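Hi everyone, thanks for making time this morning.

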Amino acid sequence: MVKKVVIVLAAAAVAVLLLRYFFPSDERLIRRQFDRLTENISRPAGEKALAGLQRAAAVSDLFSDRVRLDLPEAGLAGEYDRQEIRTLAMVFRNRFTRLSVECRDLHMTLDRDQARITATCRARGVAGSEQVRETREVRAELVRTSEDGWLFSGCAFVQVLRR
Amino acid sequence: MRAGRWLVPAMNLRSLVRVLLLVSASWLLFSRLYQPLCIEGRSMEPTYTDGSLVFCNRMAYLFSEPRRFDVVAIRMAGDRIVLLKRIVALPGETVRFRNGVLLVDGRPLAEPYLQGPSDWNLAPRTVAPGTLYVVGDNRSVPMQVHVFGQVDRQRILGRVPW
């Protein structure tokens, strides 16, 4: 009896996983975009120059044609196009010899073709001889570009502590 | 034989219920009551060192308000990555740093948990209603790289009891 219950539960879990994989929800598609962004922003130790260029290009492909950035601590405020995002990604990544970026605690508000997300982003790496550890709350906006495509259209730091 | 049965019990309804109860109790304890936090960074040294494990009592402020000197966990976008800081001033109080000394309402605050020299200088500011002023214990780092300031009361997740 118990074995049957376990088998049925396992089969149901596999069915749910398959459904989620082949018919992803908007939330899942957006999470994938965040995963791609953090994966391509990150820089493994000893990365080749060409691989770096490809990753910077992959980062810019995740953004829409016009992107609004409000990241004053990074010296970025205003609208940027995809080419500028590519250059910024390249310059940013080149500051590090090794960088690992992750986003956690994603909270989404979905409209029809727009999504607002808050997340906690953590960067750990080495820039020159200096260890880098930064944690920020980030607010991002994404727009739907096709039936199953979402692109970043805005990004801003959220001020958690105000001096 | 008995030890083996205890480690890998027979798969029956009773074992299944036990496992479910254990999982539920663990989830309740470690996500809603005492959330474990792994410290990353040196902003709370020497009180809490990099890599150490602490617990955050999430029920601490259910029936009481945060108090001065409480070490609190501060929620960011969610509760998986949090900031750990110490409350040094309450709403309506004026905060200032002068040559590394913290002044609250113009009077120096005794802070026995501090170690190492500090040269911080910060102009006076009043803590806004509904917010608390939090600072890390490690004031020997340059002020520019230390994250501190006023935080909304709603962001306080709980207190680190020890």
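I'll go through chain A, then the cores, the rings, the cysteines and a few backbone details.

Some housekeeping before that. This is a predicted model, so local features need pLDDT of at least 70 and side-chain atom pairs count only at pLDDT 80 or more, while totals for chains, interfaces and linings use all residues. Residues are numbered from 1 along each chain as its sequence is written, chains are lettered from A and ligands numbered from 1 in the order in which they are written, and side-chain values use heavy atoms, with hydrogens and water left out.

Let's begin with chain A. It has 4 helices and 6 strands; these are DSSP runs, with helices being H or I of at least four residues and strands E of at least two, numbered from the N terminus. Going along the sequence, the pattern reads α-α-α-β-β-α-β-β-β-β. The C-alpha trace of chain A spans about 60 × 40 × 35 Å along its principal axes. Of the 163 residues in chain A, 37% are buried, where buried means under 20% relative accessible area, exposed means over 50%, and partly exposed is in between, using a 1.4 Å probe and protein chains only. If we take contacts in chain A between residues at least 6 apart in sequence, 51% join residues at least 24 apart; contact here means heavy atoms within 4.5 Å.

Now please find helix H2 of chain A, residues 26-41. How far apart should its ends be? At 1.5 Å a residue, its 16 residues should span 22 Å, and the end C-alpha atoms are 23 Å apart, which agrees. The expected span is 1.5 Å times one less than the number of residues. Several residues of H2(A) are buried, including Leu29(A), Ile30(A), Gln33(A), Phe34(A) and Leu37(A). As a reminder, an α-helix has 3.6 residues a turn, so residues three or four places apart point the same way.

Phe34(A) brings us to the cores. A nonpolar core is a set of buried Ala, Val, Leu, Ile, Met, Phe, Trp, Tyr and Cys residues joined through side-chain atoms within 4.5 Å. Which members of the largest core touch the most others? Among its 32 residues, they are Phe34(A), Phe63(A), Leu142(A) and Phe152(A). Leaving aside neighbours within four places in sequence, Leu142(A) is in contact with residues including Ile30(A), Gln33(A) and Phe34(A), and also Trp150(A) and Phe152(A). There is a second, separate core of 15 residues, which includes Ala89(B), Phe97(B), Val104(B) and Leu122(B).

On to the rings. Over all chains there are 10 aromatic pairs: rings of Phe, Tyr and Trp (its six-membered ring) with centres within 6.5 Å, called stacked for planes under 30 degrees apart, edge-to-face over 60 and tilted for the rest. One of them joins Phe97(B) and Phe148(B) edge-to-face, at 5.9 Å centre to centre and 80° between the planes. Phe97(B) is in strand S5 and Phe148(B) in the loop between strands S9 and S10 of chain B, so this pair ties together parts that are 51 residues apart in sequence. Phe97(B) is buried at 1% relative accessible area, and Phe148(B) is buried at 2%. Ring pairs also link these two with Trp120(B) and Tyr133(B) into a cluster.

What about cysteines? The structure holds 0 disulfides over all chains, a disulfide being a pair of cysteine sulfur atoms within 2.5 Å. The sulfur of Cys56(B) is 14 Å from the closest cysteine sulfur, in Cys38(B), which is too far for a bond. Cys56(B) is buried, with a relative accessible area of 0%.

Last, the backbone. Most residues other than glycine have a negative phi, and most peptide bonds are trans. The peptide bond from Glu45(B) to Pro46(B), though, is cis, with omega near 10°, and Pro46(B) is in the loop between strands S1 and S2 of chain B. Phe69(B) has a positive phi, near 80°, and sits in the loop between S2 and S3 of chain B; it is partly exposed at 33%. Asn99(B) also has a positive phi, about 50°, in the loop between S5 and S6 of chain B, and it counts as exposed at 56% relative accessibility.

That's my tour, and I'm happy to take questions.
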